[in-house]
Amino acid sequence: MGVAVMEPVPRTPEELSERHSRIESAYHRLLDWMPYGLLAVSLVLSALISQRPMDFQLQTLGLTAAAVVWVYFAYTRIPSKTEASSARLAVHLFVMLGFGAALMARDMLFFIFVITGFFHAGYFKPMWMVVAGIGGTSLVVNASMVDFTDIQAEALVVYTVVVLIQTAAISSGFLLNEKLVQLRTQREEAILSREAALQENAGLHMQLLTQAREAGILDERQRMARDIHDTVAQGLAGIIAQLHAADGTDDESQRRRHFDSAVELARESLAEARRTVQAIGPPTLDTAQLPEALAEVSAKWSEAHAVPVELVTIGDAKPMHPEIEVTLLRVTQEALQNAAKHSRAGRVGITLSYMEDQLALDVRDDGIGFEPSKIKATKGNGYGLAAMRQRVGRLAGTVSIESEPGSGTVVSAIVPAIPQAVPDAA
């Protein structure tokens, strides 16, 4: 038993347009060969069914050959019928109908050939010419209904009604097809426009992420410069000072005190150097998604500061572009650091919300609060409120800070939800 192979359903606008083009091309090829095929069928049937003298058949064959020549030069050689002049096509059609009428006068079976006129009339523009072409073809096709040598009123009425109904029905079919083609074209244009908009949007996202990455590199360099200057460099300078002081005294207790101070400064500088290096790229995101990374960071912060932290994730967590996840992790770290330094909070809540096209992060504390309008970002250690806004802003996101004295603080960040599957523009 054979297995039927079905043509796959088009899934993209390009595949759909290509399929329609193939169908239209096949239809136009059919119309190109139709007059020759129907004329050959008419001629064969006339020769087989009609018992006519040889000279009569030869005359019919000569008239058929003339019709073939006319169709070839007046129709087939037109390169594009859809773009050809309607006047030129009308001349072809009505001369062809003339050949058809002459052949039908010799044998009514040639009405099969005249049917071609219904299809060729569909190339006319505007619609009234299509109707005229169909009407002219109908007059010839149904000519056998009337004996033009002895016209009867009843037969003439029937002939007229048949012609009118046939013309109206076929014309309505062409009109409906034209409307369907217009609707299909509009739909394809709408799909292509939507696809172009999505591609442009994806390109803008990639450009945005590239700019954010470049700006992030600059931010990290500036941050490291500040951190090294404010911590490591000052620590090393203090160590050198303590060692010089120890070298310049003979008092053993003073010497020991200076050595102990140098060791303590070395430990502190080493810890600050480690924090600076770790802040370049959070290792927690290498093996975990953002919710797990936030849980790890908040747990360590809670243990270090003896302040409970509650983390809530809303929506379905899914991998996001690294720039998105790193930015929200940094915002969380800065908000927690500020809470430890300034808020005297007894409890902190973190909410991460996955929405259809956005990610929202809220870090709340019940501390002493402050007036945001009176706070300016400093150039010391830490992320800084200004740097936080700048980095989130490069992702087309927003940062808001709600606080007032005695009512705690809420830091909110909203960024676009760009999946990790989006290719890296870099």
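A search of the whole structure finds 2 aromatic pairs, where rings of Phe, Tyr and Trp (its six-membered ring) pair if their centres lie within 6.5 Å, with planes under 30 degrees apart counted as stacked, over 60 as edge-to-face and the rest as tilted. The structure is a predicted model, in which local features need pLDDT of at least 70, side-chain atom pairs count only at pLDDT 80 or more, and totals for chains, interfaces and linings use all residues. Residues are numbered from 1 along each chain as its sequence is written, and side-chain values use heavy atoms, with hydrogens and water left out.

W33 is exposed, with a relative accessible area of 62%; buried means under 20%, exposed over 50%, and partly exposed in between (1.4 Å probe, protein chains only). The rings of Y72 and F73 have centres 5.0 Å apart and planes at 85°, so this pair is also edge-to-face. Y72 counts as partly exposed, at 35% relative accessibility.

The nonpolar interior comes next. A nonpolar core is a set of buried Ala, Val, Leu, Ile, Met, Phe, Trp, Tyr and Cys residues joined through side-chain atoms within 4.5 Å. The largest one has 36 residues, of which L290, L328, V348, L359 and L361 touch the most other members. Elements that give two or more residues to this core include α10 (290-305), α11 (322-343), β2 (348-354) and β3 (358-365), and α11 gives the most, with 7 residues. Leaving aside residues up to four places away in sequence, L359 touches partners that include L290, L328, Y354 and V415, contact meaning heavy atoms within 4.5 Å. A second, separate core of 30 residues includes V71, M96, M104 and F113.

Strand β2 also takes part in strand pairing. Strand β1 (residues 309-314) and β2 pair in the parallel sense over 6 bridges, pairing requiring at least two bridges found by DSSP. Within this pairing, V309 stands opposite V348 in β2.

Elsewhere, E264 lies in helix α8 (residues 252-278) and counts as partly exposed at 39% relative accessibility. The C-alpha atoms of E264 and I239 are separated by 8.8 Å, with the two residues 25 residues apart along the chain.

Key
Helices (H or I, at least four residues) and strands (E, at least two) are DSSP runs, numbered from the N terminus.
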